[in-house]
Structures are given as C-alpha cells and as structure tokens.
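Thanks for coming. I have one structure to go through today, and I will keep to what can be read from the coordinates.

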Amino acid sequence: AQMAGSDERPRGTVEWLRGFLAAARALPLHQPPPIVQQSLAQHFERWSRARAQLEQQPRMVPARLLFDSRQDLAVGGVRAAATGSGEAAHLAYTAEDGDLLLDVYDTGSGRVRLEGQVLLTGPEQARVFEVSVIAPGFSARTRQGDELGRFTLADVPKVPCQLRATNGVITIVAEVNLDASGER
C-alpha cells in the first residue's frame, strides 16, 4: 500500500525482491557434503591470510648519505668537482636493505635529471622500483624502473627533496639535496 503512490524505481525494487523470494522458494539450497564445507573454510582461511599479506604496507627504510662527489672528491685530493651541464654529481646512500645510487645531471634553468639505481642486499627481493620525488611545490614519479633497479626522473627542480624508492615490500627514503653547491 505504501508503494502504490511511489515512483517507478521503488516499485521496481519491490518487484525484483518478490521475484527473488519466489525463485528462492522454488530452488531450495541443500547442505553441501562435510568435505566441501571443510575445503571451503580452509580455502577462505588461506585466502584471508594472503589478502592480509598483500594489503600490508611496504616497510619504510631510511637511507643515509654515504658519498657526495660535490664535497667528498675535494677531500680525496681531486682538483675540482665540476657539476656543469652534462657532468654528473654522484650521490650514494646506504640503508638496511641495500644502497641507492644517484647521478644528478644539471639540465640548466634550475632543473636536473636523476638517473639512479637501487642495489638490494637480498637476492630474493623484488628488484623493480617505483620512484617518487617530493619537494616544496613539486612532485614526480616514475614507474619505468627495470629489473636491475635502475630508474630515471627528468626535469626535477634543483632543491632539497625527499626521494622514495619502493618495490612493494620496502620503501627506501632518502633526503636528497639537489642544489648546485652540494651543501648538506
């Protein structure tokens, strides 16, 4: 009686429910054999554990600067560490699960191109990385990493930033100073 005055959509829903109930009465469900119930319960338990593992967030691993060619070469007795156009500054970071190597190429107009590689210590770990750079007013990401852990990010501002490299299991986080002076 309440649906008599309503529009077409609620009446359609009521008709669908009536049809569903009629089909449910016509096709009663039977209890499956005990082995099927047991197998389904076991499968659901395995699926639940696997899903929880897949949904787990990658472990964050901080990296610390190990080498910066803009500063460390001068200490080693080299005449100068130039970072002009076409020449790279080399940065090496170390973390619990591996190392992060960066070549920083000055492209002019306050921008750099980053070419890097993640070298993991464990041979069983996933080697392809998604890399993102976050700086004030800027963010970029590349999913074009390869099986050797290499990646490239172009047109990144020459400012201090945070670089994150993740393979879905771990995320290596490095604070990177991309400015030309190389001051830490």
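Predicted model: local features only at pLDDT ≥ 70, side-chain atom pairs only at ≥ 80, totals over all residues.

The chain has 184 residues, and 32% of them are buried. It contains three helices and 10 strands. Going from the N terminus, the order is α-α-β-β-α-β-β-β-β-β-β-β-β. Taking contacts with a separation of 6 or more, 49% are between residues 24 or more positions apart.

Now the core. Which residues touch the most other members of the largest nonpolar core? They are Leu 114, Leu 163 and Val 176, out of 30 residues in that core. At least two core residues come from each of these strands: β3 (88-95), β4 (98-108), β5, β6, β7, β8, β9 (160-166) and β10 (170-177).

Take Leu 114 as an example. Setting aside neighbours within four places in sequence, Leu 114 contacts Asp 103, Val 104, Val 133, Phe 151, Thr 152, Leu 153, Val 156, Leu 163 and Leu 178.

On to charges. Side chains of opposite charge can pair when their charged atoms come close. How many salt bridges does a search of the whole structure find? The count is 11. I will go through some of them.

One is between Arg 111 and Asp 155, where the closest N and O atoms are 3.7 Å apart. Arg 111 sits in strand β5 (residues 111-120) and Asp 155 in strand β8 (residues 150-157), so this pair ties together parts that are 44 residues apart in sequence. Both ends are partly exposed: Arg 111 has a relative accessible area of 25%, and Asp 155 has 47%.

With Arg 141, the side chains meet in a salt bridge at 3.3 Å, N to O. Here Glu 130 is in strand β6 (residues 130-135) and Arg 141 in strand β7 (residues 138-142), 11 residues apart.

The other partner of Glu 130 is Arg 143, with the closest N and O atoms 2.9 Å apart. Arg 143 lies in the loop between β7 and β8, 13 residues from Glu 130.

Are these side chains exposed or partly exposed? Glu 130 is partly exposed, at 21% relative accessible area. The cut-off for exposed is over 50%, so Arg 141 at 53% counts as exposed. Arg 143 is exposed too, at 58%.

There is also a network of salt bridges, which links Arg 59, Glu 96 and Asp 97.

Last, the surface patch. Trp 16, Leu 17, Phe 20 and Leu 21 make up a nonpolar patch, and together they have about 450 Å² of accessible area. Phe 20 belongs to helix α1 (residues 8-26). Its relative accessible area is 47%, which puts Phe 20 in the partly exposed class.

Conventions. Residues numbered from 1 in each chain as written. Heavy atoms only, no water. Salt bridge = Lys/Arg side-chain N within 4 Å of Asp/Glu carboxyl O. Helix = DSSP H or I, 4+ residues; strand = E, 2+ residues; numbered from the N terminus. Buried < 20%, exposed > 50% of the residue type's maximum accessible area, 1.4 Å probe, protein only. Core = buried A, V, L, I, M, F, W, Y, C linked by side-chain atoms within 4.5 Å. Contact = heavy atoms within 4.5 Å. Patch = residues over 30% accessible without salt bridge, like charges linked within 9 Å, V, L, I, M, F, W, Y side chains within 5 Å. Areas by Shrake-Rupley, 256 points an atom, 1.4 Å probe, with all protein chains shown as cover.
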